[in-house]
Amino acid sequence: MKSDLKWRLGLTILLLIAAGWAIYPPREKLNLGLDLQGGIHLALEVETDKAVQNEVIRAKDFLEKELNKNKIKYQLLSVNPDHSLTLQLVDPQSESGVMKIVRDNLPNFERKPPPSDNTRLVLGLESKAIQNIKENALQQALRTIRNRVDQFGVREPIIQREGENRIIVELAGINDPERAKELVGKTAELRFQLVRDVAASQEELLQRYGGKIPEGTEILPQASSGKTGEGKVSRYYLLEKEAKVTGADLKDARTSRDEYNMPAVSFEFGREGSRKFGELTEANIDKQLAIVLDNKVQSAPVIRSKITDKGQITGNFTVEEASDLAIVLRAGALPAPVKILEDRTVGPSLGQDSIRLGIQASLMGAALVVIFMIAYYKLSGLIANIALAINILLLVGALAGFGATLTLPGIAGIALTIGMAVDANILIFERIREELDLGKTVRSAVENGFSRAFVTIIDANLTTLLSGIILFQFGTGPVKGFAVTLSIGILTTLFTAITVTKMMFDLMLAGRNVKTLSI
């Protein structure tokens, strides 16, 4: 056996072993897409206007502090719906001092024309800054959702931007859609705020303070008992509005157990967070500190001593809720709330039907090809069928090995690959027949047939491969799945048509003086 024939045979056997290893067992190794194994499709809208409004609120809080610090008196400082601030000063002469604070510390704000009363100062965000905040909010939401889904353990999720403020999320194989939706959409804004007072109802709290919420405070309810979002609120807290420590200061969060052996979430601060939390707890011993998640008080323990680096969030969590909360805290809070615009659940039974019908169609197509090739090209047709089987095995092995996801369009790509593989063999066989008709020997006809068909096969498959690459680059979802299968199918078709089929002819002719060829 010639050396080149040996390495081609060795390479083919090696690739078949690798493909078999990559595929087996298929249920574990082959990733099925949303349309084949079921799951959820979510269309989310990031409320980017809320991110802009949060920036304006932060600017208002900062300006409030600076005005008090610089003893500049004002009658009104409020946030307007159009992302601007209205400030009415007691002494109009102090306006220059205010503008200096704005120029030095709030560079994205500019003075706007007041609506009617020229004694008021209106400060608004520049339009470029608004666009940047919205874009950053969307990009941060994409990263946060991707981190959460990765930690949730979903294989091959599709998370992509659509338009200016939408995100498409497709999670295949999810058997608890409600839990996945809660995980993806949870804002998870964590704050630590000092407690001023507590009462059984909001009205009772207001009565204690003359019907008005004291300046610098806010009233938040306790998280409902039972499953998140259910149950009756048992108390309301009057909290200091300023949160000196937030979820952004966390380094890690994980599930744990509280003193009653109930599921809880333990967290750990980073270096800066530890310093801030240490200062906060040291200065407020014997006071209550509320742990606030998404504007609900999870718990409000009394500070007994200085705490620096660790803490625990307790509540009536289930194991899954505690696990999901730990995930969202590790992944970070969403920069703005997200709204679920479309929620589509694909049942696994629909996926099973798709798999069954797709496999049936592929098998029927393959059977027709096998029968035709043997009937028309006889022994050479059998060789082409063996090469075709190897082609499909390598294609599926590559999909499993690279971790690609097989979708319904992907099955269509496999069916198309079968047709292209047969087409390549037909080109070769017709060239061999022409050589035999010219009176060439079998060996010479086979060599010339492969040589003449080579350029045509490369040309035809290369252009299709380029189309597949473009589809992969610019396509989304099912289109991308089709492009992946098609591109890998072209490469395996080129290998089997040029190398494997030729190798089998060479093995058949090696060391023998063959006078006729069954073709």
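**A lysine, a ring cluster and a helix crossing**

K502 lies over the face of F450, 5.9 Å from the ring centre (the cut-offs: NZ of Lys or CZ of Arg within 6 Å of the ring centre and within 35 degrees of the ring normal). Keep in mind that this is a predicted model, where local features need pLDDT of at least 70 and side-chain atom pairs count only at pLDDT 80 or more, while totals for chains, interfaces and linings use all residues. Residues are numbered from 1 along each chain as its sequence is written, and side-chain values use heavy atoms, with hydrogens and water left out.

F450 also belongs to a cluster linked by ring pairs, together with F372, Y376, Y377, F429 and F505. Rings of Phe, Tyr and Trp (its six-membered ring) pair when their centres lie within 6.5 Å; planes under 30 degrees apart are stacked, over 60 edge-to-face, and the rest tilted. There are ten aromatic pairs in the structure. One of them, F372 with Y376, is stacked, at 5.4 Å centre to centre and 10° between the planes. Both residues sit in helix α11 (residues 348-401), four residues apart, about one turn of the helix. Helices here are DSSP runs (H or I, at least four residues), numbered from the N terminus.

Conventions:
Helices (H or I, at least four residues) and strands (E, at least two) are DSSP runs, numbered from the N terminus.
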